[in-house]
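Thanks for coming. I will take a few minutes to walk through one model, so please have the sequence and the structure open.

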Amino acid sequence: MAMKEHGKLTERQFAGIIANTLLGAGTLLLPRDITAVSGTGAWLSVLIGGFISIILLLLLINLGLRFPEETIMEYGMRLTNKWIGGLIGIAFCTYWLFITGIIVRIFSLMLVSSVLLKTPLEVIVIAMLLTVLYFSRSDLQIVGRVNEIYFVFVILFIMYALFLGLREINLIRVLPLTGGKGIMPILKGGLKSFFSFLGFEIVALFIPSLTTQKLAYNYSLKGIVTPLVAYIITMIVSVGVFGVEELQTLVWPTLELIKVTPFPGLLLERMEAVFIAFWVVAIFTTAANVYYASVVGFTQIFKLKEHKTLTLTLLPLAYLSAILPDNLHDVFEYVDIVTKFAAGLIITTIIIYFAAIFIKGRKGDERS
Amino acid sequence: MKKKTIRERINEILSNRTDNPGEKAKKEKLGQKLKENLKLIEDIIGFSDDVVVREFQLGGKTGIEAAIIFVDGLTDKQVINENILKPLLIEKFPGDELKDPARSDIIKFIKDKTITINELKIVDQLEKVIDGVLDGDTALLVDGYIDTFLLNTRGWDKRSISEPQSETVVRGPRDSFTENFRTNTALIRRRIKHPALRIKGISIGKYSRTNIAICYIEGLTNKYIVEEIKERISNIDIDNIQSSGTIEQLIEDNHFTPFPQLLSTERPDRVAAFLLEGRVAIIVDGTPFALIAPITISIFLQSAEDYYDRFIIGSFLRVIRLLAIIIAMTLPALYISVISFHPEMIPTQLALAFAGGRAVVPFPAYTEAFIITILMELLREASIRLPDPVGSTIGIVGALIVGEAAVSASIVSPFMVIVVATDTIASFAIPNYSTAIAFRLVKYPLMILATIFGLYGLVLGLIILSIHLAGLKSFGIPYLTPMAPSRLGDLQDTVLRPPIWSLRKRPEHLRTKNEKRFSSTGDDDGYERTR
């Protein structure tokens with residue numbers, strides 16, 4: 001299959017895919033959601049969530065490197081059997097397809113409530129999904145390149161926005177750093193923050209395509225630590241600017257953050273439209289990568305020749321999942337469910353596959 | 001050849017076997033009799049008026065019949081008179097050779113002792129004789145011999161080397177390519193006096209038989225790129241090539257894109273610089289533009305002059321050009337989206353001024369924008385087609401009078417005129433013509449997207465553009481190198497122009513055989529490396 005030739009993806013592109021996939025809708029919701037649970041200790045929650053994700057990511061890569069020629073869909077079906085492996089694969093792909101819709105929906109809701117007041121939500125969703133469609137028709141090399149460009153771009157933008165916010169921080173609001181409510185809320189917040197890290201599991205599809213597989217650990221760490229740092233800064237800045245109580249009243253805390261931040265000396269008076277414009281890129285890369293993973297995953301499960309055949313077929317499903325929730329509240333409930341489902345799915349998968357390797361003993365190693 | 005009867009003629013047409021001179025030239029063979037050969041050639045060339053056949057006898061008492069054939073206008077007649085006819089007529093040929101015409105002594109005698117032409121070939125195939133004559137050579141046929149001389153007497157009216165028209169520089173050489181193939185290759189050879197410079201010729205076009213040269217540096221340029229280009233060019237099977245633009249379209253990687261994947265330049269100094277970076281140049285006879293391949297998008301920020309001025313100035317100019325590209329591409333779309341969707345972004349005072357200017361305009365911002373940009377396109381097209389003095393008048397009439405009148409007639413607001421004028425100026429600041437057009441074209445979809453979605457649409461458009469660009473390739477080299485896939489070593493010479501001393505290596509992505517620019521060892525003798 002043309003999809004997983006060696007050397008289609010450089011390590012830097014690999015890191016870019018991870019970082020871009022993670023940085024997205026999470027930045028919109030993170031501050032309110034987590035502080036609701038763990039108060040000022042929210043940054044610790046993010047750290048914990050990130051830490052768990054890093055461990056899972058490294059385990060996935062470890063698993064992937066045992067089968068340098070195959071993606072998780074293929075070795076999954078070989079390790080267990082057609083049904084279990086196939087079912088796990090389908091679960092992954094369906095969930096990716098679903099979060100594509102959810103991410104686009106969250107962002108569209110923000111657009112409708114802030115800058116595109118009169119535009120119908122559906123139109124915004126469709127426009128984004130069509131762009132995603134165009135992207136998903138490309139080859140993996142192009143996916144890698146696009147991610148590589150946006151990697152630098154998104155990081156610079158987020159850093160710029162947040163460091164400007166640093167000036168507005170009031171330290172009283174940030175303290176106590178541990179949240180002061182004990183360890184449980186922080187752990188709970190950690191699980192909640194997991195949503196912001198979702199998407200790293202798509203790397204399991206790309207490991208066989210890497211130029212130098214030895215560097216997978218190194219660069220995947222680079223890829224995941226970048227959003228982690230960005231999230232922690234977001235957390236501290238938004239708590240420092242608004243305080244925990246006020247954050248609960250804000251629908252889009254990060255957007256409000258940019259609204260209250262003065263940008264001295266610029267030509268434009270209000271910057272949020274510009275920032276939203278940059279945010280489009282961040283959201284796009286997340287949705288597009290996840291959708292691409294879903295398409296490629298399905299292609300491999302059903303052993304199709306080309307992933308292009310599926311791109312258009314699956315798009316209505318992504319659209320459906322985007323318009324399925326009735327309102328913002330619904331969306332958040334879906335997010336909660338998806339987060340738990342994904343965490344469960346990833347952990348179960350890793351356990352099953354490692355167990356399968358263990359049971360089969362050396363057999364698996366010999367074959368690979 | 002005997003005249004055909006009507007019946008034969010009809011049969012021939014019915015059997016679809018009409019005279020095909022090209023095919024015939026391949027099939028027929030030269031004989032020993034001069035008269036028959038001449039008849040054959042005249043028959044194939046078709047007794048065209050510009051083909052001159054001069055029959056004569058070789059000098060001395062031999063009385064051997066001979067003839068020269070050349071095309072009037074492609075040849076230098078003085079050379080023919082002085083260096084071919086004169087010696088042949090005056091020279092005393094050894095008489096007794098007549099008895100044994102099978103020996104090619106006369107041919108040898110003519111070659112060694114008579115003709116004072118520097119480049120001559122002896123051929124015995126009819127096709128080569130015809131091709132040579134049509135290319136400006138003079139054919140010399142001698143009765144009793146199959147061997148025919150092809151004497152290089154090429155010389156036709158040509159434009160002299162003039163200043164470049166589309167790539168003028170303030171500081172730097174002022175010569176540019178002409179329509180003449182040899183002049184162009186000579187201009188390159190003059191700038192790279194190293195034996196490693198290779199200029200390989202090939203003839204393309206079934207009817208036009210256009211000469212094409214592929215230039216590269218042996219032992220430096222990546223041979224895979226050279227082979228790929230040779231392969232693609234030799235695979236061209238077309239009847240007519242009149243411009244390097246046709247070649248470009250036939251060998252480019254991706255056809256459905258406004259972005260050029262080969263650079264065309266009329267400056268020999270630029271070609272020389274590109275060759276020594278490890279790229280390949282393609283020269284096409286009849287076109288004053290050389291094609292450069294492979295290229296990446298960052299080349300379109302560059303002008304030849306960048307390297308001639310000091311690096312700070314060069315860098316500054318490149319940043320300005322990048323700005324020009326961004327403005328030319330997005331400014332009208334940005335204006336539409338800010339006015340129609342995000343008026344809160346503008347500082348209050350300015351917003352009031354905008355509103356005041358737009359108060360009398362009956363159209364929404366996007367209609368206004370489309371009206372005036374289309375007007376601008378018309379003006380541009382009109383001023384290119386008109387002769388120079390009238391062209392500038394049109395520019396003045398269009399820009400000043402129509403713009404002014406449109407504003408006072410309340411069709412457009414004064415800000416819109418400023419926006420479009422800035423946009424147009426910016427598009428002229430892009431150094432390469434084909435790129436400027438590409439970005440000018442991209443502007444319209446972006447404007448439409450901005451009309452529908454505001455900044456959101458504009459960004460979606462730019463995302464689509466970036467995906468498109470990431471998918472382009474120029475002879476296997478990704479278009480966005482060195483940004484994506486990133487090559488940190490090459491990144492310094494993109495938006496900024498680093499100091500010459502820091503450009504120690506040739507571009508990495510071209511995978512040259514000899515990477516160092518400074519004190520490069522190894523291949524300096526110009527001979528092929530063992531590989």
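I start in chain B, with B:F475, which sits in the loop between β11 (473–474) and β12 of chain B. Before going on, a reminder that this is a predicted model. Is B:F475 buried or exposed? Its relative accessibility is 6%, and since buried means under 20%, B:F475 counts as buried.

There is another residue of this kind to look at. B:R209 is not a glycine, yet it has a positive phi of about 45°. You will find B:R209 in the loop between β6 (197–204) and β7 (210–217) of chain B. B:R209 is partly exposed, at a relative accessible area of 37%, whereas B:F475 is buried.

Staying with the backbone, we come to cis peptide bonds. One runs from B:A293 to B:P294, with omega near -10°. The proline, B:P294, lies in the loop between β10 (290–293) and α11 (311–340) of chain B. A cis bond also joins B:T481 and B:P482, where omega is about 5°. B:P482 belongs to the loop between β12 (477–478) and α18 (488–491) of chain B.

Next, the salt bridges. Over all chains the count comes to 27. I will go through some of those in chain B.

Take B:K443 to begin with. Which side chains does B:K443 pair with? One of them is B:E377, at 3.8 Å from N to O. That pair links distant parts of the chain, 66 residues apart: B:K443 is in helix α16 (residues 433–453) of chain B and B:E377 is in helix α13 (residues 365–385) of chain B. B:K443 has a relative accessible area of 3% and is buried; B:E377, at 18%, is buried as well.

B:K443 also forms a salt bridge with B:D423, and here the closest N and O atoms are 2.8 Å apart. This again connects distant parts of the chain, with B:K443 in helix α16 and B:D423 in helix α15 (residues 414–429) of chain B, 20 residues apart. Both B:K443 and B:D423 are buried.

Now for B:D137 and B:R154. Their side chains meet in a salt bridge, 3.1 Å from N to O. The two residues are 17 apart: B:D137 is in strand β4 (residues 137–142) of chain B, while B:R154 is in the loop between β5 (148–152) and α7 (181–191) of chain B. How accessible are the two partners? B:D137 counts as buried, at 4% relative accessibility, whereas B:R154 counts as partly exposed, at 35%.

Salt bridges also link B:D306, B:R318, B:R321 and B:D493 into a network.

From there to the place where the chains meet. Chain A and chain B bury about 2600 Å² between them, and 70% of that is on carbon and sulfur atoms. On the chain A side, A:Y134, A:R145 and A:E269 lose the most area to chain B, together 22% of what that side buries. The contact takes 32 residues from chain A and 29 residues from chain B.

How many salt bridges run between chain A and chain B? The count is zero. Polar contacts are found, though: five residue pairs across the interface. The elements of chain A that give two or more residues to this side are α1 (11–22), α5 (82–114), α6 (121–136), α7 (140–166) and α13 (272–301). By class, the chain A side has 22 nonpolar, five polar and five charged residues.

Helix α13 of chain A also holds A:S294. That serine is buried, with a relative accessible area of 0%. Leaving aside residues up to four places away in sequence, A:S294 touches A:C93, A:W96, A:L97 and A:L314.

A:C93 is buried, at a relative accessible area of 0%. In chain B, B:C215 counts as buried too, at 0% relative accessibility. How many disulfides does the structure hold? Over all chains, zero.

That is what I have; I will take questions now.

Conventions:
Residues numbered from 1 in each chain as written. Chains lettered and ligands numbered in written order. Predicted model: local features only at pLDDT ≥ 70, side-chain atom pairs only at ≥ 80, totals over all residues. Heavy atoms only, no water. Disulfide = S-S within 2.5 Å. Buried < 20%, exposed > 50% of the residue type's maximum accessible area, 1.4 Å probe, protein only. Contact = heavy atoms within 4.5 Å. Buried area = accessible area lost by both parts, 1.4 Å probe. Salt bridge = Lys/Arg side-chain N within 4 Å of Asp/Glu carboxyl O. Polar contact = N/O pair within 3.5 Å; in protein donor to acceptor, adjacent residues only side chain to side chain. Helix = DSSP H or I, 4+ residues; strand = E, 2+ residues; numbered from the N terminus. Nonpolar A, V, L, I, M, F, W, Y, C, P; charged D, E, K, R; others polar.
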